[in-house]
Amino acid sequence: MSGHSNYEPKNGFEKWLDERLPIIRLGYDSLVDFPTPKNLNYWYTFGGILAVCLGIQIVTGIILAMHYVAHVDMAFASVEHIMRDVNYGWLVRYMHSNGASMFFLAVYVHMFRGLYYGSYKAPREVLWLLGCVIYMLMIITAFMGYVLPWGQMSFHGAVVITNLIGAIPVIGPAITTWLWGGFAVDDPTLNRFFSLHYLMPFMIAGVVGLHIWALHVPGNNNPTGVNVKSKEDTVPFHPYYTVKDGFAISVFLLMYAAFVFFNPNALGDAVNYVPANPLVTPAHIVPEWYLLPFYAILRAVPDKLMGVIFMGGAIAMLFLLPWLDTSKVRSMRYRPTAKLYFFIFVIVTLILGYCGGQLPDNKIIPGLTTFQVAASDLNSVVWLSRLATAYYFAYFLVILPVLGLTESPLPQPESISEPVLSHSANAPIGAAASPEKRG
Amino acid sequence: MFSPQLKGSFKVASTVVGATPEHHTGGEDPNRRDFIHIAATVAAVGAAGGLAWPFIDQMNPAADTLALASVEFDLSKVETGQQVVIKWRGKPLFIRHRSGKEIASAIKDNHADLRDPQTDEERHKAGKAEWLILIGTCTHLGCVPTFGGGDYGGWFCPCHGSHYDTSGRIRKGPAPKNLAVPEYTFLSDSKVKVG
């Protein structure tokens, strides 16, 4: 998409088409000949995996829409109809529901990869921001998709999440009524969620196009974080990364298939197989696993509006990240202190995920009652959530800005090729585990 | 990116546009062309703005949703100490027949430390202290509180642990407000119209 093109039309037709619509040239330049750093490890295959996930969700979603009925009286039954009566309906629906989980699993790996290797830093800020937009669209799409089967968790999840908007002072309740199209989550809500759930994957696909465009202007970051200096540092995308991505996609699909065929409901909530009943709330409302950390942050704050602000702020941190991290060194391979805080951050997000799935008053260590400080029980999920929330925000607002100014990073290699060819003492631990290093 | 032929044709096009003289000469004397540009832009923005509202407002409650907004209920079905839940505007509606003890405990707490201070008299119709009619959604995030639970014997919300007293006032937990009192009137001693 940028820079010099090496494409040469092979025959008369290609030459004719190239002068009218250079689409083969575009494909050749961005998927075949594109110069890619030669040291990308398997963490860099998740972009390709995510593209496959989006494709699967769109194809299975279009099929499901052929059999689904977006009406409060029929939605639940139509999903059961898909599961029991439609030919291979069970397969398509399980691919779609587990596909959402796989999509988020892959996007989290992809995001942590970007955080670790500093892929958000100049000149890739716009690339990172577009990724954040995709992630937000994914959250909204997944939330609305989860409402469609109209089970108990669908319904009450929708009630809780739409009520969050009501926390906004003055205009909140009017916006909530507008979103509902009534005085509660009801048929109009279900219908519009279905319409938007169908639309948004195509919006995601559009932003993915921009994301890849923004990737192909500066080119890939790489595990050293050092800029590409010469042609020696790169290999053409095809066959080197088509094959590497292809292998990673195959392994990922194996895991995905294991869920679909052997434990399709492992990641879902059994309560959603109870038809929605507006008069009875399930004892324990939880979102799907991939939104649990945000749910934990919401509940960690005792005030309703502040809880919503913190939850939104958790995502806003990602948008601000390129300007919060003050370090000039991209890759955490050369930032030993930052690396330590990064791994704590990963663990903290997992802790938040755990907390989001628990009742707030649950004990962390069963039977222990001695952690009572001024009427608060520190041995409770809500207090663990608070500590984890504090670290989550501190990582972005304190640790990364301060660390970039105070730490002393390790020396970076002159070029991508240097550590690969010399296996210098500076090569980080774990480098040997990356098979691409051997060549 | 563009082939030389294309570049050439762009040049030709720009000469054609450039052929209208004195277009960019001096801003102080708006000529007819500027007027047309401004008028066309204003018309287009106006049209888009005019359409924006119908496109937004279509999501607000439709006329038939609004028409279903009131419901009548026969109170003789509810025994003292019981609660009946009916559906009103898609939400649960609590109709609670309070016992003397429950009313007394609600009045006793009128001047307790309340988050959303209200006396018990403000929460029922005059002379009808035994009938408490409330919208049954927790003011935190809209779950349905369970009858008789919690530290104050009113309701307890299982989602995030809000406690309401026998007047439906928030006493403990994350909810910011008391359970809402809907608009309602007594049609007779045993009949009530909500909405």
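In this predicted model, the side chains of Lys15(A) and Glu19(A) meet in a salt bridge, with an N to O distance of 3.5 Å. Both residues belong to helix H1 (residues 12-20) of chain A, and because they are 4 residues apart there, about one helical turn separates them. Over all chains, a search of the whole structure finds 16 salt bridges.

Another of the salt bridges pairs Lys121(A) with Asp325(A), whose closest N and O atoms are 3.1 Å apart. The domain assignment of chain A places residues 25-263 together with 275-285 in domain 1, and residues 292-411 in domain 2. Across the interface of these two domains of chain A, the rule finds 1 salt bridge. The C-alpha centres of domain 1 and domain 2 of chain A lie 24 Å apart, and the contact takes 34 residues from domain 1 and 33 residues from domain 2.

The interface of the two domains also holds 12 residue pairs in polar contact, both residues being at pLDDT 80 or more. On the side of domain 1 of chain A that touches domain 2, H5, helix H6 (125-147) and H7 each supply at least two residues. The largest share of that side, 8 residues, comes from H6(A). By class, the side of domain 1 has 23 nonpolar, 8 polar and 3 charged residues.

Chain A also meets chain B, in a contact that takes 25 residues from chain A and 26 residues from chain B. The size of an interface is often given as the accessible area lost when the parts come together. The table lists this area for both interfaces.

| Interface | Buried area | Share from carbon and sulfur atoms |
|---|---|---|
| Chain A and chain B | about 2,200 Å² | 66% |
| Domain 1 of chain A and domain 2 of chain A | about 2,800 Å² | 69% |

Of the area that chain A buries against chain B, Trp178(A), Phe183(A) and Leu279(A) supply 33%, more than any other three residues. Helix H7 (152-165), helix H8 (172-180) and helix H11 (292-300) of chain A each give at least two residues to the side of chain A that touches chain B. That side is made up of 16 nonpolar, 5 polar and 4 charged residues. Between chain A and chain B the rule finds 0 salt bridges, while 7 residue pairs are in polar contact, with both residues at pLDDT 80 or more.

Within chain A, the axes of helix H4 (residues 75-84) and helix H5 (residues 89-117) come within 5 Å and cross at roughly 115°. Val79(A), Ile82(A) and Met83(A) of H4(A) make this contact with Gly89(A), Trp90(A), Arg93(A) and Tyr94(A) of H5(A). The residues of the contact divide into 5 nonpolar, 1 polar and 1 charged.

Several backbone features of chain A deserve mention. Most residues other than glycine have a negative phi, and most peptide bonds are trans. A cis peptide bond, with omega of about 5°, joins Ala122(A) and Pro123(A), and Pro123(A) is placed in the loop between H5 and H6 of chain A. His238(A) and Pro239(A) are likewise joined by a cis peptide bond, with omega of about 5°; Pro239(A) is found in helix H10 (residues 237-262) of chain A. Val170(A), a residue other than glycine, has a positive phi near 65° and lies in the loop between H7 and H8 of chain A.

Definitions and conventions. Residues are numbered from 1 along each chain as its sequence is written. Chains are lettered from A and ligands numbered from 1 in the order in which they are written. This is a predicted model: local features need pLDDT of at least 70, side-chain atom pairs count only at pLDDT 80 or more; totals for chains, interfaces and linings use all residues. Side-chain values use heavy atoms; hydrogens and water are left out. Axes are lines fitted to C-alpha atoms, for helices over the stretch in contact, and angles run from 0 to 180 degrees between N-to-C directions. Contact means heavy atoms within 4.5 Å. Ala, Val, Leu, Ile, Met, Phe, Trp, Tyr, Cys and Pro count as nonpolar, Asp, Glu, Lys and Arg as charged, and the others, Gly among them, as polar. Buried area is the accessible area (1.4 Å probe) that two parts lose on being put together, summed over both. A salt bridge is a side-chain nitrogen of Lys or Arg within 4 Å of a carboxyl oxygen of Asp or Glu. A polar contact is a pair of N or O atoms within 3.5 Å; within protein, one must be able to donate a hydrogen and the other to accept it, and residues adjacent in sequence count only if both atoms are side-chain atoms. Domain bounds come from an automatic or database domain assignment.
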